[in-house]
Amino acid sequence: MLLLLLCLVVIFTYFAIRSRAWRSKVFANDLPEVVPEKFFLGLSDVERLELVNKIFLEQDRLFRMKIGPTLLLGVSHPDLVQKVLSHPDCLEKPFFYDFVNYEKGIFSAKYKLWKNQRNALNPAFNRRILQSFVPIFEKCSKSMVSELMKCTPGETVNILKFTSRSALEMVCSTTLGSDVLQRDGKEVFLNSLEELFISISRRMMRIHLHPQPIYMMTKYYWKERDARRQCKLFTRKILQEKQEAKKGIISPDSVPETDDYRRPQILIDQLLSTCNGSRPFTDEEILQNILVIMLAGYDTTGLATAYACLFLGMYPHLQDKVHTEVMEHFPSENVQMDCDLLKRLKYTEMFLMEVLRHCPVAAHIARECISAVEIDGVHVPAGNWFIFNFCAMHRRKDIWGPDADMFDPDNFLPERVRARNPNAYMPFSAGARNCIGRRYAMLSMKVMLVNILRRFILHTDLKYEDLRYEFGITLKLSTDHLVQLERRNV
């Protein structure tokens, strides 16, 4: 009992300090207030998400909510969401993003460092670079299909296990090099990267794990620490090889590469020759950026593709339309994939966009204003937090129509898009600090779907109305992504 009381005192003190509880919150007194009394007590992750979605759907613009001593400003209307995310003084991330513990990496770096890094990294995802990644995407996708072919025909599988591993292999190959999957220690590294993402997510979403002294007393801390160590060892060895090759200490030919991928287009090579502002990236900045991009990339892309497979199985008539388009442009594996040909998959892209409308993988984000800002006529002092819920925003019936809850790729027909609020759709966030890998994600998902649909017809017993999601750093189903695989005659 004494230990529990001590923990509660530590948690309350921690949040009082973090939220600057002594600062006056009078500015928010006239805003609509939401009181989620049971937000952290007695609710499952599914119930918690449903409560948050309900809150945001019931609020039209700006509202206030308190979690313990912390004031949160909920932003509901798309125009306000766009304004906050685009505001130059709202580009900081709140403290719980620090749990990524890579403060020199682009995901959670503080504003000043982030700004220089983002400018330096933007060219790393340009069209030429993405074109060079397509063969990597295709190789990893074919490997995934080979694993799926080992399943018994008609077998029900959790497709997320396959798409996540494929996405992880893609992001590792495009950041560290095409040989990464042939290296000794690859499995330990991949498993450690997965464990690290789980550990970070767990801590961010569990308020009692936020204070460092409490977290260090849990088994999660030690698992996370070991995962970080394994990831760093593996990545640092590759970085050292690249540096030695660049200096001529060892021949570039002794660094394992294949002819399919030109070394300067792999992210680690680009960082070695790119300046962060007016200076080169340090070794630690390179390591941390590589790791955060891998962490952010594999789970989101793999999860979104798994949702796409699930919706294809739910709606056979839509699956037929996507498959027909795929076979029109990629009738066999002999057709060489490239960005131009993948861009012709118009209906497939509409389908994927509708998947991300219903299941935005990064469904909730937060920002902290670094200076006083005026939002919707309210003067918000520096240091306050804004929270956003893209799940709810993508289901607003006043914007998406009375059928907003229905799955309909025609929502992204050009005429419907033109008639809709341009800020209503933000699956990759918005503003200067949006997802740097959004084009990478769409391209890799297309490649995975092309390879899956050429070999399989997807079925599922899950119904749209029965889907339940969990409150977390990414939008996860409360059940597995269960899909039956029927082999096509090819």
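**Entry 1: charges over rings.** I began with Arg203, which lies over the face of Phe99, at 4.0 Å from the ring centre. I then found the charged end of Lys93 over the ring of Phe107, 4.0 Å from its centre. I counted a charge as over a ring if NZ of Lys or CZ of Arg is within 6 Å of the ring centre and within 35 degrees of the ring normal.

**Entry 2: the model.** I note that this is a predicted model, in which local features need pLDDT of at least 70 and side-chain atom pairs count only at pLDDT 80 or more, while totals for chains, interfaces and linings use all residues. Residues are numbered from 1 along each chain as its sequence is written, and side-chain values use heavy atoms, with hydrogens and water left out.

**Entry 3: aromatic pairs.** I took rings of Phe, Tyr and Trp (its six-membered ring) as paired if their centres lie within 6.5 Å; planes under 30 degrees apart are stacked, over 60 edge-to-face, and the rest tilted. The count by this rule is 24 aromatic pairs. I looked up Phe96 and Trp385: their ring centres are 5.7 Å apart and their planes stand at 85°, so this pair is edge-to-face. Phe96 lies in the loop between α3 (78-86) and α4 (111-121) and Trp385 in strand β10 (residues 385-389), so the pair ties together parts 289 residues apart in sequence. Helices (H or I, at least four residues) and strands (E, at least two) are DSSP runs, numbered from the N terminus. Are Phe96 and Trp385 buried or exposed? Both Phe96 and Trp385 are buried (under 20% relative accessible area, 1.4 Å probe, protein chains only; exposed is over 50%, partly exposed in between).

I next looked up Tyr315 and Phe407, a stacked pair with 5.4 Å centre to centre and 10° between the planes. Tyr315 and Phe407 are 92 residues apart, and their pair links distant parts of the chain. Tyr315 and Phe407 are both buried.

I also recorded a cluster linked by ring pairs, with Phe95, Phe96, Tyr97, Phe99, Phe107 and Trp385 as its members.

**Entry 4: the sheet.** I traced an open sheet of five strands in the order β1-β2-β3-β10-β7, with mixed pairing. Two strands pair if DSSP finds at least two bridges between them. The edges are β1 (33-34) and β7 (364-368), each with a single partner strand, so one side of each has no neighbour in the sheet. I found β1 paired with strand β2 (residues 62-67) in the parallel sense over two bridges. Glu33 has Arg64 in β2 as its bridge partner.
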